[in-house]
Amino acid sequence: ETGVTQTPRHLVMGMTNKKSLKCEQHLGHNAMYWYKQSAKKPLELMFVYSLEERVENNSVPSRFSPECPNSSHLFLHLHTLQPEDSALYLCASSQDFSRGTLTSAAHTDTQYFGPGTRLTVL
Amino acid sequence: GENVEQHPSTLSVQEGDSAVIKCTYSDSASNYFPWYKQELGKRPQLIIDIRSNVGEKKDQRIAVTLNKTAKHFSLHITETQPEDSAVYFCAASQRTYKYIFGTGTRLKVLA
């Protein structure tokens, strides 16, 4: 599948390391998302970018820093993480019809997920 | 705050039987309800969705029903097969980019 790709697929890092997760979407969408998936918890929305502008930041600790250089790419920069940050980090994309389109009505559209990065913080 | 409750958390059925997963949402403004299937080690994939102007939608062995008055919606899988075994997530949304997900249901289809 090539719709939404993520690298790396697995990452092990120490608490003092700095690393970045990368997401790329090939669907022509204009919105991209970062989610955290932990065992026995709902998917947690972390960040949303629409037309490269951050539109949602769900009280995520500053040790997570997103970057969206264009509508096809999304990064999550990680530094001084804690063991409880170990989880599957999922990227998703969708078409946000509420921004810069012919219709003025907000429209919810399907989010397509990447395969995720399994992060382990030691 | 907004939340979605999903039940049951685990479900085991015999192959060929039906499976039903239920979700209840709190935000009455929610108007879009997708269901995702996540197999072990794989990404969540959309299997069916329904919008608030429709009460029921069917796609082969999968159907979703929506009761807006009661604020709940359900996933129905008929004639289950071993490859249906996965974790299923429901979500509710009233804004273009904000999904509220349920906690997931682990479905096991026993051969």
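Is Gln60(B) buried or exposed? In this predicted model, in which local features need pLDDT of at least 70, side-chain atom pairs count only at pLDDT 80 or more, and totals for chains, interfaces and linings use all residues, residues are numbered from 1 along each chain as its sequence is written, while chains are lettered from A and ligands numbered from 1 in the order in which they are written. Side-chain values use heavy atoms, and hydrogens and water are left out.

Gln60(B) is exposed, with a relative accessible area of 71%, where exposed stands for over 50%, buried for under 20% and partly exposed for values in between (1.4 Å probe, protein chains only). This residue is found in the loop between strand 6 (56-59) and strand 7 (62-67) of chain B, strands being DSSP runs of E with at least two residues and helices runs of H or I with at least four, both numbered from the N terminus. Although Gln60(B) is not a glycine, its phi is positive, at about 60°. A positive phi of about 60° is also assigned to Lys71(B), again not a glycine, which is placed in the loop between strand 7 and strand 8 (72-77) of chain B. Lys71(B) is partly exposed, its relative accessible area being 25%.

In chain A, the bond from Thr7(A) to Pro8(A) is cis, with omega near -10°, and Pro8(A) belongs to the loop between strand 1 (4-7) and strand 2 (10-13). In chain B, the bond from His7(B) to Pro8(B) is cis with omega near -5°, and Pro8(B) sits in the loop between strand 1 (4-7) and strand 2 (10-14).

Chain A contains 11 strands and 0 helices. Of its 122 residues, 47% count as buried, and its accessible surface comes to about 5,800 Å², with 51% belonging to carbon and sulfur atoms; such areas come from the Shrake-Rupley method with a 1.4 Å probe, and for residues only the protein chains shown count as cover. Among the contacts in chain A with a separation of 6 or more, 57% are made by residues 24 or more positions apart, a contact being defined by heavy atoms within 4.5 Å.

One buried position of chain A is Ser93(A), with a relative accessible area of 0%, located in strand 9 (residues 87-94). Its side chain is joined to that of His29(A) by a polar contact of 2.8 Å, that is, a pair of N or O atoms within 3.5 Å, of which, within protein, one must be able to donate a hydrogen and the other to accept it, with residues adjacent in sequence counting only if both atoms are side-chain atoms. Leaving aside neighbours within four places in sequence, the residues in contact with Ser93(A) include Val4(A), Leu27(A), Met32(A) and Tyr112(A).

Between the two chains, 22 residues of chain B are in contact with 27 residues of chain A. The buried area is about 2,100 Å², with 50% given by carbon and sulfur atoms, and stands for the accessible area (1.4 Å probe) that two parts lose on being put together, summed over both. Across this interface, 6 residue pairs are in polar contact, both residues at pLDDT 80 or more. On the side of chain B that touches chain A, at least two residues each are supplied by strand 4 (32-38), strand 5 (45-51), strand 9 (86-95) and strand 10 (98-101) of chain B.
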